[in-house]
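The sequence and structure are shown first.

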There are 4 protein chains.
Amino acid sequence: MKNIAILTSGGDAPGMNTAIRAVAKYAMSKGITVYGIKRGYAGMLNDEIFELTPKDLGGIIDRGGTFLLTARLPEFKNPEVRAEAVKNLKKREIEGLVVIGGDGSFHGADLLYKEHGIKVIGIPGTIDNDIAGTDYTIGFDTTLNIILDAISKIRDTATSHERTYLIEVMGRNAGDLALYSCLAGGGDGLLIPEKEFSIDDLAMQINKRREQGKLHDVILVAEGVGSAFEIAEKLKGKVKSEMRVTVLGHIQRGGTPSGLDRIIATKMGAHSVELLEEGKSGLMIGIESNKLVTYPISHAWESKKEIDIKDYELALTLGH
Amino acid sequence: MKNIAILTSGGDAPGMNTAIRAVAKYAMSKGITVYGIKRGYAGMLNDEIFELTPKDLGGIIDRGGTFLLTARLPEFKNPEVRAEAVKNLKKREIEGLVVIGGDGSFHGADLLYKEHGIKVIGIPGTIDNDIAGTDYTIGFDTTLNIILDAISKIRDTATSHERTYLIEVMGRNAGDLALYSCLAGGGDGLLIPEKEFSIDDLAMQINKRREQGKLHDVILVAEGVGSAFEIAEKLKGKVKSEMRVTVLGHIQRGGTPSGLDRIIATKMGAHSVELLEEGKSGLMIGIESNKLVTYPISHAWESKKEIDIKDYELALTLGH
Amino acid sequence: MKNIAILTSGGDAPGMNTAIRAVAKYAMSKGITVYGIKRGYAGMLNDEIFELTPKDLGGIIDRGGTFLLTARLPEFKNPEVRAEAVKNLKKREIEGLVVIGGDGSFHGADLLYKEHGIKVIGIPGTIDNDIAGTDYTIGFDTTLNIILDAISKIRDTATSHERTYLIEVMGRNAGDLALYSCLAGGGDGLLIPEKEFSIDDLAMQINKRREQGKLHDVILVAEGVGSAFEIAEKLKGKVKSEMRVTVLGHIQRGGTPSGLDRIIATKMGAHSVELLEEGKSGLMIGIESNKLVTYPISHAWESKKEIDIKDYELALTLGH
Amino acid sequence: MKNIAILTSGGDAPGMNTAIRAVAKYAMSKGITVYGIKRGYAGMLNDEIFELTPKDLGGIIDRGGTFLLTARLPEFKNPEVRAEAVKNLKKREIEGLVVIGGDGSFHGADLLYKEHGIKVIGIPGTIDNDIAGTDYTIGFDTTLNIILDAISKIRDTATSHERTYLIEVMGRNAGDLALYSCLAGGGDGLLIPEKEFSIDDLAMQINKRREQGKLHDVILVAEGVGSAFEIAEKLKGKVKSEMRVTVLGHIQRGGTPSGLDRIIATKMGAHSVELLEEGKSGLMIGIESNKLVTYPISHAWESKKEIDIKDYELALTLGH
């Protein structure tokens with residue numbers, strides 16, 4: 001393998017820069033030339049491709065975001081667009097491509113391999129932790145800690161009036177962020193897309209806590225469930241509590257990547273190059289059982305990741 | 001002065017616990033007995049008054065919130081209610097009262113003094129920094145840093161799509177938090193209650209940045225201006241940008257108090273006891289010119305605090 | 001199981017409070033009475049045992065340290081001392097004991113079981129991550145992130161003079177903290193007890209980086225290797241670099257527990273009660289393969305935990 | 001004023017980057033061309049001067065360190081060296097120079113003005129806060145908060161053994177950092193260069209706290225007093241306490257600048273350009289009485305900054 005390229009695609013995830021660094025540094029240590037592709041597949045099409053030097057990799061290990069940027073290119077679904085884009089790889093004799101992103105990005109990579117023979121490896125990067133084949137996606141741990149910090153600040157409230165705080169957190173259609181911030185943050189309630197809930201039950205639990213003398217509660221609401229504002233509206237008439245809604249929003253996508261995110265980003269990054277050197281392709285890397293594993297890249301969208309029921313039940317048990 | 005009491009009232013402000021500690025520790029070092037009143041004036045009425053011991057003060061210097069809690073008691077406007085409440089002070093021979101809170105809390109203190117002779121000192125605690133007579137209120141600096149951290153996370157966004165982020169911050173009717181987070185956070189735009197603005201001008205500035213090649217901008221919106229969501233709605237048709245709104249909400253009220261907040265809380269706390277020992281009353285303490293100052297307590301609501309025009313203009317200049 | 005007790009022993013580890021909360025809350029939810037033992041085995045001997053209430057568990061989930069405190073009691077090696085101590089459990093009809101700490105603490109627990117039939121479960125809590133039977137000990141992730149934050153601050157140095165920073169981190173005789181902070185922090189060099197090193201080789205690598213134009217480097221030194229100050233002294237004559245030594249010290253033992261630490265503390269805590277309810281005893285809980293596992297409690301000291309060689313080599317590869 | 005240059009000199013101070021940004025952005029908004037000089041006076045001599053563009057200023061507002069770097073050039077004391085260096089300014093028609101650093105750096109600037117007519121403005125940047133003419137130097141507030149975070153972590157210690165923690169902090173010959181971290185961090189003892197102390201008195205206070213049942217104490221030691229390790233050695237035989245020494249070291253020089261540091265850096269930065277535009281020279285800017293002030297640049301080294309005695313006494317009073 002003489003020349004490889006890296007791109008980041010999909011939503012921001014803290015740790016993407018760390019992964020780029022690991023792919024590039026490891027490859028350079030093996031004498032491989034590394035190209036960075038700006039703005040995901042859009043940049044590939046637009047020939048925004050440049051050779052990476054060690055200087056580009058300095059000071060990014062602990063920086064949120066990705067210096068290669070991301071972009072959406074719906075047209076990449078079109079085989080002609082892909083054929084155009086891949087010319088920009090071929091003309092530089094780029095044989096391998098590492099894609100850091102979500103399962104949407106993996107689709108595009110898989111097609112580049114099947115249609116044009118570019119060897120591709122996918123590294124799962126998304127704060128939502130909703131990619132099958134890995135216990136952790138790059139970005140999840142950092143975001144979890146951002147949410148926990150927000151919960152701690154909200155819990156500092158010193159009002160003696162009865163309050164229910166609904167905190168809406170990201171996750172797309174996955175409840176992981178909500179579940180683990182509830183478990184680790186001592187949340188009192190938890191609404192995740194994987195589990196049905198009823199407003200009346202929720203109201204009943206809240207009122208029960210009021211009767212037991214607990215003044216405040218914190219309910220984690222995964223965005224996949226719906227708007228926390230709407231849920232608060234529905235609760236209003238039914239609970240002895242003032243409602244306060246916090247939608248954490250985009251602060252969840254940024255910030256210095258955590259230790260765990262940097263560790264998995266680094267290990268996955270180096271491993272992607274090892275796999276390319278072995279001539280492998282069409283694989284995604286994951287962390288399972290605290291070890292690096294690989295799956296066919298389609299595993300990311302073909303399999304569904306399940307929520308850990310035991311952890312869910314524990315969160316509810318400790319919440320009441 | 002043999003016995004004094006402390007209460008916290010109004011909205012949460014990080015540093016309130018630090019102030020309580022300073023008042024109490026300093027008073028105890030002078031042989032004064034110190035009572036804590038739970039839940040502000042509501043607790044005073046309810047006789048939720050207890051003697052503070054050094055043990056109560058351990059481990060609170062860096063804790064957000066206030067362990068004495070706060071509460072609203074609209075009935076305190078009623079002189080009979082105040083007369084009832086003050087009995088609970090008199091029966092313990094409490095001669096002095098330190099009130100940590102906003103100007104609303106100072107009103108109640110002032111009346112206790114005028115009607116019942118309890119010597120009162122007000123310490124300004126609110127994240128909004130909207131109390132006249134002091135450059136800084138306890139809580140402002142911590143909240144400023146929370147907002148700056150949020151801005152940094154939002155600026156990590158790696159999308160190459162044009163985006164305008166509106167960040168709605170607290171402040172009631174004051175623009176201080178928005179102004180100084182804009183100045184210190186490199187915000188591109190700033191909407192504060194003290195200054196009129198037009199949606200069209202705002203849209204024009206945003207489009208101008210797009211033309212200059214600047215992909216993203218961050219606009220600070222003080223809550224006193226209105227809802228950032230509504231402003232985003234109005235901008236939608238007029239700008240080449242996707243709008244993203246973040247309402248930081250209640251994370252702005254909690255968290256470990258910053259160094260500056262702890263310094264002014266400590267100095268003001270100790271000074272309140274000095275003033276009581278000197279037989280002073282009906283005063284509020286402030287930090288002006290980096291020194292402790294006192295004003296008649298009514299100064300807090302009789303005078304209006306002005307925004308620093310030079311700082312405002314500098315924020316706009318550096319934003320474009 | 002009607003009555004259980006909890007104690008924390010050994011060195012501080014962030015997340016101990018979270019574990020106590022989980023053990024107690026989960027047990028209370030099953031109708032079990034929970035006792036807290038202050039000051040480890042010293043407190044057990046001294047009858048510093050008290051019933052825990054929900055109130056004790058409020059506000060501790062995100063607090064560093066342990067409110068039950070720890071202490072050393074070398075005398076606990078003496079069977080008569082153990083017999084005395086256990087009387088304080090027996091008189092309260094305490095049948096189960098959860099010990100949160102390191103392998104030294106597990107020894108004592110094991111003997112209480114073998115000699116007196118108290119059912120014991122050990123939860124591994126130590127920042128050093130040196131307990132066999134678990135991928136992570138409670139406290140390790142938090143401390144890793146504290147070290148990474150220190151590395152980031154040190155790397156901000158703007159001096160253009162050639163500098164080598166040696167950062168001495170904790171770990172007792174394990175190199176985990178040094179290894180993973182090197183890997184995740186982009187360290188240039190790494191000295192761990194598990195691997196021999198030579199001062200001359202280290203000097204050679206440092207000088208090589210100077211020749212390649214790299215101004216500064218950061219070397220992680222596990223405390224089990226020796227004093228970073230002494231290593232710096234030995235390097236002085238051999239390298240083109242000013243040496244700067246930072247011994248992080250006790251800031252590594254405190255602070256808000258991270259998300260991961262709180263998750264494993266919570267899951268292990270609840271599981272310890274499940275095991276006791278099942279009549280199990282003499283076991284330690286671990287996290288292996290991202291799942292809860294149990295081992296005979298002696299596994300903690302009978303087995304030796306190995307460093308991950310692949311991760312070690314990756315750290316060296318990416319460091320040069 | 002058509003062309004100005006900026007350099008940073010002396011020790012690192014968080015907020016230097018923010019100051020550079022403000023000088024440059026403000027100047028550019030007035031149509032002034034701005035040059036950056038790398039590596040302080042060494043870079044000026046070496047002609048490491050380049051025109052700054054807006055791109056250079058993006059993303060640095062919240063970055064520790066200074067991207068212009070610093071360096072020591074003892075030779076700058078030599079007028080011939082200065083004459084050589086200033087040629088590199090003259091050939092670019094640079095008329096104004098903003099120097100961000102400590103009083104040492106101001107000396108050099110003053111001489112450039114007196115000997116060669118370059119208009120110079122000094123902005124005080126140092127974590128030590130030891131420059132006369134300003135209440136705050138850029139970097140002090142950030143470092144204060146770093147120390148406070150370290151104190152909080154150390155105070156989390158859960159050992160029930162008697163311990164005295166000595167924390168050695170920076171400050172050169174000033175006690176400000178030690179004083180204000182003691183005041184805001186609830187330190188029990190304080191050793192600063194401005195005040196004599198005796199080991200026996202210190203030992204007596206420590207033993208007194210032991211008798212009063214206080215298990216742990218934290219003593220802040222300013223580096224200008226001496227080595228905390230040596231003080232610990234002297235205390236060993238005299239106190240009922242295990243000694244633990246933490247030398248915070250270089251983590252105190254880095255990190256994201258705080259809100260206050262960014263505000264003063266930004267205001268001072270813009271003001272330096274205003275002064276140059278007004279034809280002023282040979283001045284240093286300070287923050288006094290919460291307002292920008294100017295002094296002859298020599299004020300920085302001719303006047304001695306005094307410690308605030310009242311704050312010192314308050315720190316002692318609240319520490320016991």
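In this predicted model, chain A has an open sheet of seven strands, which run in the order S3-S2-S1-S4-S5-S10-S11 with mixed pairing. The edges are held by strand S3 (49–51) and strand S11 (291–296) of chain A; each has a single partner strand, so one side of each is left without a neighbour in the sheet. From one strand to the next, the twist averages 25°.

Two of the pairings in this sheet involve S10(A), and they are set out below.

| Strand pair | Sense | Bridges |
|---|---|---|
| S5(A) and S10(A) | parallel | two |
| S10(A) and S11(A) | antiparallel | six |

Strand S5 of chain A covers residues 119–124, and strand S10 of chain A covers residues 283–288. On the S11(A) side, A:Glu288 stands opposite A:Lys291. S10(A) and S11(A) make a hairpin with two residues between them. A:Ser289 lies in the turn of this hairpin and has a positive phi of about 55°.

The turn residue also matters for the description of the chain pair. Which residue of chain A comes closest to the rotation axis? A:Ser289 does, with its C-alpha at 1.6 Å from the axis. Two copies of a chain are related by a rotation about an axis and a shift along it. Here chain A is superposed on chain C by a rotation of 180° with 0.0 Å of shift along the axis, and the RMSD is 0.0 Å. That is the relation of a two-fold axis. Of the interface residues of chain A, 100% are also interface residues in chain C, so the copies meet through the same surface.

Elsewhere in chain A, two helices pack against each other. Helix H8 of chain A spans residues 199–211 and helix H9 of chain A spans residues 228–236; their axes come within 10 Å and cross at roughly 70°. This angle makes H8(A) roughly perpendicular to H9(A). The crossing in which H8(A) passes H9(A) is right-handed. From H8(A), the contact takes in A:Ile199, A:Leu202, A:Ala203 and A:Ile206, and these meet A:Ile231, A:Lys234 and A:Leu235 in H9(A). Six of the residues in this contact are nonpolar, none is polar and one is charged.

Notes:
Residues are numbered from 1 along each chain as its sequence is written. Chains are lettered from A and ligands numbered from 1 in the order in which they are written. This is a predicted model: local features need pLDDT of at least 70, side-chain atom pairs count only at pLDDT 80 or more; totals for chains, interfaces and linings use all residues. Side-chain values use heavy atoms; hydrogens and water are left out. Copies are superposed by least squares on the C-alpha atoms of residues with pLDDT of at least 70 in both. Contact means heavy atoms within 4.5 Å. Axes are lines fitted to C-alpha atoms, for helices over the stretch in contact, and angles run from 0 to 180 degrees between N-to-C directions. Helices (H or I, at least four residues) and strands (E, at least two) are DSSP runs, numbered from the N terminus. Angles under 35 degrees count as roughly parallel, over 145 as roughly antiparallel, 65 to 115 as roughly perpendicular and the rest as oblique. A crossing is left-handed if the near helix is turned anticlockwise from the far one by less than a right angle, and right-handed if clockwise. Ala, Val, Leu, Ile, Met, Phe, Trp, Tyr, Cys and Pro count as nonpolar, Asp, Glu, Lys and Arg as charged, and the others, Gly among them, as polar. Two strands pair if DSSP finds at least two bridges between them.
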